Amino acid sequence: MTVRFGNNRLGFYVAVIILSGVVLGLGANFANEFLPHLRQNFTIFSIVVSSFTILTFLLTLQWATPYSEAVVLFVLGTLWLAMGAWSTDVIGPMQCDAVAGQKTPSKNGETSLQAFCYEMKVIQAFSWTLFILFVIAFYVLHQLVNQAMRFGRHKIWSEPIRELPWFEEAPGYYNTNTYGPNMMQYPPPSAGGYGYPYHPAMGGMPVPNPGHSIIIQPGMNGAPPTVTQVPISTV
């Protein structure tokens, strides 16, 4: 992946894990106060959804393809949509300041209704925030995949997600160049839109395949520039 895509994806993952962790903590608090006889359905659902989100993201952070990432984003987005709708139904239009001093039943007798209201408002807000984040991430992922396919990476859906570019960048995993400073690697004629390192010290310019144009991008962190051949029709 490009540096920008990797950093943005990591930032998205961190934000989702933090928000999910807060919801998980509040759900655990509800479990301590209400289970097993009160508000059990919502409490269990909040714990399951937030735990599943954190576990899934920890797994996909290490390994994923654009296809698996899209499935994960769709499923989790749907779950958080349900979570947001359910929390809105539970708390409704209640104003937390208006219920100061009131009590609500709990497994040990009664607990503060105002505290419960505030916690539900947080779950509601974070659930809708997570749903919006998943929608945005799903849209961005499709845009990046389409961009990679325009560069000739027609199997990008099944390739490692690190191959995805950020906007206006060519696909390919940067910072893995193993060629020496005086070496230049060319792809086979069938490579199409795949990029390869090029060192200007070799002199001259690589010759494109028939019907292709050459796009040269600066190397990252001192690496040689990346030369990409793309069909002329896409330029």
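Visitor: What share of the protein chain counts as buried?
Guide: Of its 235 residues, 40% count as buried. Buried means under 20% relative accessible area with a 1.4 Å probe, protein chains only; exposed means over 50%, and partly exposed lies in between. This is a predicted model: local features need pLDDT of at least 70, side-chain atom pairs count only at pLDDT 80 or more, and totals for chains, interfaces and linings use all residues. Residues are numbered from 1 along each chain as its sequence is written, and side-chain values use heavy atoms, with hydrogens and water left out.

Visitor: Which elements does the protein chain have?
Guide: Four helices and five strands. Helices are DSSP runs of H or I with at least four residues, strands are runs of E with at least two, and both are numbered from the N terminus. The order is α-α-α-β-β-α-β-β-β.

Visitor: Why is Ser87 called buried?
Guide: Its relative accessibility is 0%, so Ser87 counts as buried. Ser87 lies in helix α3, residues 66–91.

Visitor: What is Ser87 in contact with, leaving aside neighbours within four places in sequence?
Guide: Phe42, Gly92, Met120, Ile123 and Gln124. Contact means heavy atoms within 4.5 Å.

Visitor: What makes α3 roughly antiparallel to α4?
Guide: The axes of α3 and helix α4 (residues 113–150) cross at roughly 155 degrees and come within 8 Å. That angle makes α3 roughly antiparallel to α4. Angles over 145 degrees count as roughly antiparallel, under 35 as roughly parallel, 65 to 115 as roughly perpendicular, and the rest as oblique. Axes are lines fitted to C-alpha atoms, for helices over the stretch in contact, with angles from 0 to 180 degrees between N-to-C directions.

Visitor: Which residue classes make the contact of α3 with α4?
Guide: There are 23 nonpolar, six polar and two charged residues. Ala, Val, Leu, Ile, Met, Phe, Trp, Tyr, Cys and Pro count as nonpolar, Asp, Glu, Lys and Arg as charged, and the others, Gly among them, as polar.

Visitor: How do you know how α1 runs against α4?
Guide: Helix α1 (residues 3–34) and α4 pack at about 155 degrees, with axes 10 Å apart. Therefore α1 is roughly antiparallel to α4 too. Their contact includes Phe12 and Leu19 of α1, and Met120 and Ile123 of α4. By class, it has 19 nonpolar, three polar and one charged residues.
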